[in-house]
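Opened the file this morning to look up a few things. Notes below, in the order I checked them.

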Amino acid sequence: MAEFLMPTLGADMTDGILVQWKKKEGDRITKGEIIAEVDTEKAAIDVESHTTGIIERLITRPGDKVPVGAVMAIIREEGRPTTSVASPRTITTPLAPPPPVHRIESIAAAPSQAGRLRISPAARKLAAERGIDASTLQGSGPEGAITLADIERATTATAGVAKPVGAADRQGRMRQTIAAAMARSKREIPHYYLSTTIDMGRAITWLKDSNEQRPVTERLLYGVLLIKAVALALRRVPELNALWKDGEASRSERIHIGTAISLRQGGLVAPALHDADRLSLGELMQNFQDLAKRARAGSLRSSELSDPTITVTSLGEQGVETVFGVIYPPQVALVGFGKVVERPWVADGAVVPRPVLMASLSADHRVTDGHRGGLFLAEIDRLLQEPQSL
Amino acid sequence: MNTPLSEDEMRSRILRILGEIAPEADTTSLRPDVSFRDQLDLDSMDFLNFVAALHKEFHIEIPEADYPKYMTLNGCLAQLSAARS
């Protein structure tokens, strides 16, 4: 029997709201298939199952807010019999205590005045956001005061499912999430920074020739070359491809590059390009386009948000030449790329104009030292001098 | 067969494509001689998607070397008129 838990979809996610189940009790689900849609601070996420089996029980109801790690459903794994004790449906005590659903707003409402609605400030704010007329509700708080939980229930009742969070509200929450993750990073991770200037002449010439052969729908951006170079360089310096867990770095066998994508409404997400070292440039480009599109449409998958093993951020589009990045915990490194600019460059004793790019590494000093970090940047440089082998 | 399209028709199709790529952008007040990137905050991937969409919509070949000519609304109209005449 496997438990489907509220996943953690970001460094500082504490809870999520179930928007809807994509499966019913009794349905078969395979590993990697979408089981639920969950609303988080950043976006509505399609959450994948980690188990193959039959859905035995759906515990969480649409609209419920549950903490990370809480049991949301029970899945009977393939090849295993139903519990011999009793069918889970008849179990009187739940397998796990039900997660605390909704944090009940316990602040007492303001003293009642004639005709004044008894409602907590937080509940009043939520009601306004969700367009609910609080005066029509029956309060369950002290002296009949309307609480946050009452508003949540009313939302569920009126919409059937929790209404997706409004854009403005989501933006505010996303800011808070980024703030929490970045503050944690700067508090906990002793960063060191390195940078190097890379001659992009060969890579750009190769890309131009390659794109001439490609139909317009299959052309590559140079950003994809950078991502592939990072992925391959990580094979050489694998300690940068790791997650910090329980006081130590745990290396990842697979290379999932988190690619920072800025959202037009503000904020950013850095979902994973899975197995970037093993994909061709064409495949990487397609996946990258698909990821950017879905990030902006708010339809990312849970694995894309929880899987990145390192992050790449390119700010060249904004015209900056150098990026000094902040590591996204629990990752232990971040690679930044600036803009490709024409600069005087000395080659074979002569000064020539060359397109150059500043690559930087922000890395966790608990895990690596500058020597290994330097080797990693040098490897990226070397790979970009042989673009045909990327 | 390329049937001739009026400039208005071409303009409205281009604006529709831009609207699909940058849904939150206001394309009604687009200045025809200023680059899309500057006005609509398009990045290089958006621009690539835009060019690919033009290719599908108008059945024209757009080599990468010609990209700069498609960076403004007027530039697009001039290129499309030339390609389809």
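Started with strand pairing. Strand 17 of chain A and strand 18 (residues 333-337) of chain A run parallel, with 4 bridges between them. This is a predicted model, so I'm reading everything here as computed. I looked for who faces whom: Ser314(A) stands opposite Phe337(A) in strand 18 of chain A.

Next I checked for another partner. Strand 12 (residues 257-259) of chain A also pairs with strand 17 of chain A, again in the parallel sense, over 3 bridges. I noted one of the bridge pairs too: Ile257(A) has Ile310(A) in strand 17 of chain A as its partner.

How many of the residues of strand 17 (residues 310-314) of chain A are buried? I get 5 of the 5, so the strand is largely enclosed by the rest of the structure. Sorted them by direction as well: Ile310(A), Val312(A) and Ser314(A) point one way, Thr311(A) and Thr313(A) point the other way, and all are buried.

Moved on to helix 8 (residues 370-384) of chain A. I count 15 residues and a reach of 21 Å from first C-alpha to last, close to the 21 Å expected at 1.5 Å a residue. Which residues of this helix are buried? My list reads Gly373(A), Phe376(A), Leu377(A), Ile380(A), Leu383(A) and Leu384(A). They sit on the same side of helix 8 of chain A, because the arc they cover around the axis is only 125°.

Then I asked what covers the buried residues of helix 8 of chain A.

Zoomed out to domains. The domain assignment of chain A gives domain 1 as 2-90 and domain 2 as 191-389. I put their C-alpha centres 33 Å apart. Each domain of chain A gives 12 residues to the contact. On the domain 1 side that touches domain 2, I sorted the residues by class and got 7 nonpolar, 2 polar and 3 charged.

Last entry, the chain contact. Here 13 residues of chain B touch 12 residues of chain A. The chain B side splits into 7 nonpolar, 2 polar and 4 charged residues.

Technical notes. Residues are numbered from 1 along each chain as its sequence is written. Chains are lettered from A and ligands numbered from 1 in the order in which they are written. This is a predicted model: local features need pLDDT of at least 70, side-chain atom pairs count only at pLDDT 80 or more; totals for chains, interfaces and linings use all residues. Domain bounds come from an automatic or database domain assignment. Two residues are in contact if their C-beta atoms, placed from the backbone, lie within 7 Å. Ala, Val, Leu, Ile, Met, Phe, Trp, Tyr, Cys and Pro count as nonpolar, Asp, Glu, Lys and Arg as charged, and the others, Gly among them, as polar. Helices (H or I, at least four residues) and strands (E, at least two) are DSSP runs, numbered from the N terminus. The expected span of a helix is 1.5 Å times one less than its number of residues. A residue is buried if 20 or more other C-beta atoms lie within 10 Å of its own, exposed if 12 or fewer, and partly exposed in between; C-beta atoms are placed from the backbone. The arc is that of the directions from the helix axis to the C-beta atoms. Two strands pair if DSSP finds at least two bridges between them.
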